[in-house]
Amino acid sequence: MPFSNTGDLREEIARALPERPFAVRFWDGTEVPATANGGPTFDFRSPRALAHVLRAPGELGLGRAYVTGLLEVDDLDAAVELIDEWRPPPLPLGTQARLARAIVRACGLVRPPRVPAVELRLRGRRHTPWRDARAVRHHYDVSNDYFALFLDSSMTYSCGIFSRGAKTLEEAQETKLDLVCTKLGLREGERVLDVGCGWGSFAMHAAERYGARVTGITLSQPQVDYARERARKAGLEDRVEFHVADYRELHDEPFDAISSIGMVEHVGEDQIDVYARRLAALLRPGGRLLNHGIAQLQHGDDEDAGPFSDRYVFPDGEPLHLSRVQLALERAGLVTRHVEGFAEDYAETVRHWTERFESKLDEAVRIGGAERTRVWRVYLHAARRGFLTGFEAVYQVRCEKPER
């Protein structure tokens with residue numbers, strides 16, 4: 001590249017970071033080696049990759065460079081672990097200034113890099129119905145075929161349960177669906193609401209195996225279209241129905257039971273009490289609710305999922321602490337009867353998803369594009385790590401509405 005030279009930058013990196021559990025390789029073939037064995041190598045393929053890091057230092061800049069293909073890593077799991085755990089030493093302002101100048105010299109004359117097309121930066125107040133719908137569509141409206149690359153045949157996009165004997169992903173998801181039905185005590189003819197119904201797997205399971213009459217809601221039109229077609233082919237049109245709707249829009253007659261599987265993570269702190277009150281109002285006295293969702297385990301400064309997830313994976317995603325979810329349910333007048341955690345099961349579920357996705361990368365690029373496929377590779381690898389390291393877990397909370 002004209003006027004670019006990585007020599008000063010290599011010297012400044014070595015001086016600023018005398019202990020480096022990673023290596024850095026540049027487009028000119030030069031390298032700053034790791035000072036310890038086993039770390040990942042970050043391969044900057046172009047000065048524009050460094051320009052991303054200069055424009056947004058830290059996780060977001062690295063993420064942008066990786067998503068655009070300007071940065072490669074030789075071990076994605078090791079890179080995710082490094083970004084999660086490694087903390088560079090405090091750098092004096094003078095050192096920071098020298099590094100910045102060295103990056104500028106290394107980049108040479110390059111145009112400011114564009115933000116990747118798959119990045120989403122939402123505007124307006126968080127967790128309004130409009131903004132929630134936009135955030136959900138960003139994640140789910142890629143393509144039904146895209147999710148089919150890695151989900152099981154039932155298209156269940158939540159934690160499967162392996163700890164009760166399941167060996168395959170299909171068995172684990174069927175175990176989970178049946179467990180939810182059993183915990184809710186579903187009976188023939190009962191009216192059930194499925195909040196965040198996805199592609200209809202729970203609704204169809206509850207209708208076919210337990211004779212329930214199920215209404216499913218989601219904010220994704222492609223999911224509704226897919227679920228309706230599945231129900232038609234299975235002959236369940238008279239027992240299940242699917243709608244594009246926000247939980248805050250529902251004012252239906254009371255349901256006997258409500259399932260909310262993998263949806264509460266999108267609700268947020270500002271709306272969790274609204275969510276709990278709305279679901280409680282939709283239950284008849286004596287009705288049952290099962291809330292299945294990811295919960296934050298960390299408390300303090302490190303509990304945020306980070307800017308990469310917020311811009312690329314789950315915009316406005318906000319897993320809350322289990323205690324906060326239970327508080328909202330209790331404030332809404334519901335009585336908690338049972339709580340069960342499945343962090344290890346979710347880690348195993350994501351392992352299966354990752355293996356399936358990695359085996360079909362060419363197809364993923366064809367359907368969703370190269371940038372989105374890079375995002376999903378990072379997302380799946382990071383998600384599994386989150387459950388293995390205790391950053392997050394998943395819980396099923398079963399509640400009842402008291403008879404009055």
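Reader: What makes E9 largely enclosed by the rest of the structure?
Author: This is a predicted model. In E9, 12 of the 14 residues are buried, so the strand is largely enclosed by the rest of the structure. Buried means under 20% relative accessible area.

Reader: Which strand pairs with E9 in the parallel sense, and over how many bridges?
Author: Strand E8 (residues 255–261) does, over 6 bridges with E9 (residues 283–296). At least two bridges are needed for a pair. Ser 260 stands opposite Asn 291 in E9. Ile 261 stands opposite His 292 in E9.

Reader: What is the order of the strands in the open sheet?
Author: The order is E7-E6-E5-E8-E9-E11-E10, 7 strands with mixed pairing.

Reader: Why are E7 and E10 called edge strands?
Author: Strand E7 (240–244) and strand E10 (335–341) each pair on one side only. Neighbouring strands of this sheet are turned by 15° against each other on average, direction ignored.

Reader: Which helix packs on the sheet, touching E9, E10 and E11?
Author: Helix H13 (residues 322–331) does. Its direction makes about 15° with that of strand E11 (392–400). H16 lies across E9 and E11 and runs at about 70° to E11.

Reader: On to helices. How do you know that the span of H6 agrees with what it should be?
Author: Helix H6 (residues 129–140) has 12 residues, which should span 16 Å at 1.5 Å a residue. The expected span takes one less than the number of residues. The end C-alpha atoms are 16 Å apart, so the two values agree.

Reader: Which residues of H6 are buried, and what covers them?
Author: The buried ones are Arg 131, Asp 132, Ala 133, Ala 135, Val 136, His 138, His 139 and Tyr 140. Their cover includes helix H7 (144–148), helix H10 (221–234), H12 and helix H16 (370–388).

Reader: How many aromatic pairs are there?
Author: The count comes to 25. One of them joins Tyr 140 and Phe 147. Their ring centres are 6.1 Å apart, with 10° between the planes. The limits are 6.5 Å for a pair and under 30 degrees for stacked, so this pair qualifies as stacked.

Reader: Why do both residues count as buried?
Author: Tyr 140 has 10% relative accessibility, and Phe 147 has 0%. The cut-off is under 20%, so both are buried.

Reader: What makes Phe 308 and Tyr 312 a stacked pair?
Author: Their ring centres are 4.9 Å apart and their planes meet at 25°, so they are stacked. Both lie in helix H12 (residues 307–313), 4 residues apart, about one turn of the helix. Phe 308 and Tyr 312 are both buried.

Reader: What makes Arg 191 a charge over a ring?
Author: The charged end of Arg 191 sits over the ring of Phe 255, 4.2 Å from its centre. The distance limit is within 6 Å. Arg 374 lies over the face of Tyr 66, at 4.9 Å from the ring centre.

Reader: Is Arg 64 buried or exposed?
Author: Arg 64, in helix H3 (residues 59–67), has a relative accessible area of 7%, so it is buried. Leaving out residues up to four places away in sequence, Arg 64 touches residues including His 52, Glu 119, Arg 311 and Tyr 312.

Reader: Why is Ala 97 called partly exposed?
Author: Ala 97, in helix H5 (residues 93–107), has 30% relative accessibility. Buried is under 20% and exposed over 50%, so Ala 97 falls in between.

Technical notes: Residues numbered from 1 in each chain as written. Predicted model: local features only at pLDDT ≥ 70, side-chain atom pairs only at ≥ 80, totals over all residues. Heavy atoms only, no water. Phe/Tyr/Trp six-rings, centres within 6.5 Å; stacked < 30°, edge-to-face > 60°. Buried < 20%, exposed > 50% of the residue type's maximum accessible area, 1.4 Å probe, protein only. Helix = DSSP H or I, 4+ residues; strand = E, 2+ residues; numbered from the N terminus. Lys NZ or Arg CZ within 6 Å of the ring centre and 35° of its normal. Contact = heavy atoms within 4.5 Å. Axes fitted to C-alpha atoms, helices over the stretch in contact; angles between N-to-C directions.
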